[in-house]
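Here are my notes on how the two chains meet. Please read them with the coordinates open.

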Number of protein chains: 2
Amino acid sequence: MPNRSITIKDVAAAAGVGIATVSRVLSGSGSVSPRTRERVLAAARELDYRPSALGRSLKLQRTGGIGLLVPDVTDPFCAGLVAGVLECAGSLGEHVIIDASHDDPAREAEIVDRLVEQRVDGIIALPTRGDAAHWTGARRVGLSVTFVDHATCGSDAVGTPAVLADDRGGVRSAVEYLVGLGHRRIGFLGGPAATPTGRLRAEAFTETLRDLAVTPDSGLLVRARSSRDSAYAAAASLFQRRSDLTAVLAGNHLLGEAAVLVAREFDLRVPADVSIAMIGDMAWAELCDPPLTAVARPARDMGYRACELLVRASDRTIERTRREGGRPVVLPTELIVRGSCGPPARTR
Amino acid sequence: MPNRSITIKDVAAAAGVGIATVSRVLSGSGSVSPRTRERVLAAARELDYRPSALGRSLKLQRTGGIGLLVPDVTDPFCAGLVAGVLECAGSLGEHVIIDASHDDPAREAEIVDRLVEQRVDGIIALPTRGDAAHWTGARRVGLSVTFVDHATCGSDAVGTPAVLADDRGGVRSAVEYLVGLGHRRIGFLGGPAATPTGRLRAEAFTETLRDLAVTPDSGLLVRARSSRDSAYAAAASLFQRRSDLTAVLAGNHLLGEAAVLVAREFDLRVPADVSIAMIGDMAWAELCDPPLTAVARPARDMGYRACELLVRASDRTIERTRREGGRPVVLPTELIVRGSCGPPARTR
DNA sequence: CTTGGGGCTGGAAACGTTTCCATATAGAGT
DNA sequence: ACTCTATATGGAAACGTTTCCAGCCCCAAG
């Protein structure tokens, strides 16, 4: 019963060679005679030898691990992102250390610290706020960081590579679609103004309306915190206060959910009485009755691209990365038209 | 510009002490004078020293990492599981290396190998099949494995700790509920017979029917492979072939989705024309019209418990674990009654 | 004054790799 | 036969920790 795990030394002894030779055989570098190679391979197989990544990483100063930091793995968008990262990392032979920040900057900082200790080669993050001190700290100790979904607004982290969805374009396409159907009084359910995402989508909403020469109405724009309850409350208040609106655009899937629920609660037929669209496509959008029109964001692709970007960046010097990686990668969104939007009941 | 990352040696030099002393200060063990401690702490802070987990793990022969292996992170059940593991691991100071098997045993074996190389302290897995060789291999090299969702059916891995949902009880409660409403011709949409889950739920279905003295009808039990298309095809074929059925129980969420879609396609009103229930509660069940009755499985709790179990097991010897951990932990399911089930239209 | 012990401290070994370098061997060219 | 080169091999250092052990100093007790 082997209580001590077997090392390269054991293999060397069993094969009657030096440990350097075993290393050469197993890593495939250097030259070894076919005869020796065979003996070593046989010994390794015989002993069921598993090389330790610890020893190797220590020597090589490179772990082949990448850190992945998302707000919440149960959020479908985050899950898609994770899947993309996993796919790319797997094909590149890297492993992924994952953790969830739950939108708490303190927790995020703690996790980044842990990842630094683990000496990951880089971090992919959907940050709570990209300008926090721990991010610049991480870059200072030499590991590359890639942001996803929204980039930093701070000044210090300029040059941090980022992979974004074209949110602005996504909102625009949805608004254009609704206006094209004849809607003029369109409600917008927005996420918290404190988050980059919440801010940006609301901006894009009003901006597009202005471009389309629809008179703005600030009473039609409502904010919610990022909880189910808050989303529901916001939707309820909007529907109650403004019975004259003919369409609603939900700024995220929580708000979309709330809009659907509240419309049902108020006995509004969709899309006859009110049209509903949502930013962020979900599996359940297809299952709604009627199926919900939504703007799909390529979560999986974003994860994949971010991972590619990160690994590529790790190979270069920080300097070169900073010089080259100025522009964030922006991936297109797609308006998926389903049955939840139609012309307004009473056109004026 | 420090191109070389700073080590304990640098801190020792800066503080004018030996490296042993620095280690004692930072790890909190041993005795150091307050004066020295202060100097070391100051030096570490000054240099922004981050201890390397590589060195520590190598020396301690323990990484504090746990491997997490699920079929697919975008599956809501798996996502819940991951969240639970992350929560527990975080509070225990462990980090989590995650990967997805995509239900491919070969890929799974590869991932296990990688985790062994990384010297994780243990693995939590939702295995494709618990009896595969790589699992016994992993246990042989001394790391503890905990299965989730379904345990092994093989003989070799007896004693592998497991955390399960009471699927049998869940199916039973759903069937009892439907029969209680007056249904007698209940369709069952089952997952692949090759998977433990698919087999077990179908068994529980027929078994419960027998216990309730409802005459079985093998034409009402349909299997699908685990893809959306296959699920849809199975549901369509069942509804088409057996227009006399009054209720359908979907064996997983993919099949539940398919049942809802097909019922809508066939212009069947729910629950007036057909009642639908599903194993596995999803966020979208609430959003369906009518909301879908489902059996909730405690994904997050399962992950949390599995992680607890694993870490506890790592502290003991394999022998003791094997002796103690005979019984798997079984967590209760809950039937969530919503609006998708009612009495059959024409009772006979 | 001596002895003993306890609190602090630093040197060194060990953990498992990779790789540089030195050496040994064999074959080929003169 | 001698040198030269290419190939094959092993020893040893290095990576960054932790911890054992030995040594030091100082104070109290004899």
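1. Buried area is the accessible area, taken with a 1.4 Å probe, that two parts lose on being put together, summed over both. In this predicted model, chain B and chain A bury about 4500 Å² between them. Carbon and sulfur atoms carry 58% of that area.

2. Within chain B, the most area lost to chain A belongs to B:Arg50, B:Leu54 and B:Leu287. Together these residues make up 17% of what the chain B side buries.

3. As for residue numbers, chain B brings 50 residues to the contact and chain A brings 50 residues.

4. Polar links are present as well. Between chain B and chain A there are 18 residue pairs in polar contact, with both residues at pLDDT 80 or more. The salt bridges between chain B and chain A number eight. One of them joins B:Arg140 to A:Asp48, where the closest N and O atoms are 3.5 Å apart.

5. Several elements of chain B each supply at least two residues of the side that touches chain A: the helices α4 (53–60), α5 (76–91), α6 (105–117), α7 (133–140) and α11 (253–265), along with strand β2 (95–100). By class, the residues on this side of chain B are 21 nonpolar, 16 charged and 13 polar.

Technical notes. Residues numbered from 1 in each chain as written. Chains lettered and ligands numbered in written order. Predicted model: local features only at pLDDT ≥ 70, side-chain atom pairs only at ≥ 80, totals over all residues. Heavy atoms only, no water. Contact = heavy atoms within 4.5 Å. Salt bridge = Lys/Arg side-chain N within 4 Å of Asp/Glu carboxyl O. Polar contact = N/O pair within 3.5 Å; in protein donor to acceptor, adjacent residues only side chain to side chain. Helix = DSSP H or I, 4+ residues; strand = E, 2+ residues; numbered from the N terminus. Nonpolar A, V, L, I, M, F, W, Y, C, P; charged D, E, K, R; others polar.
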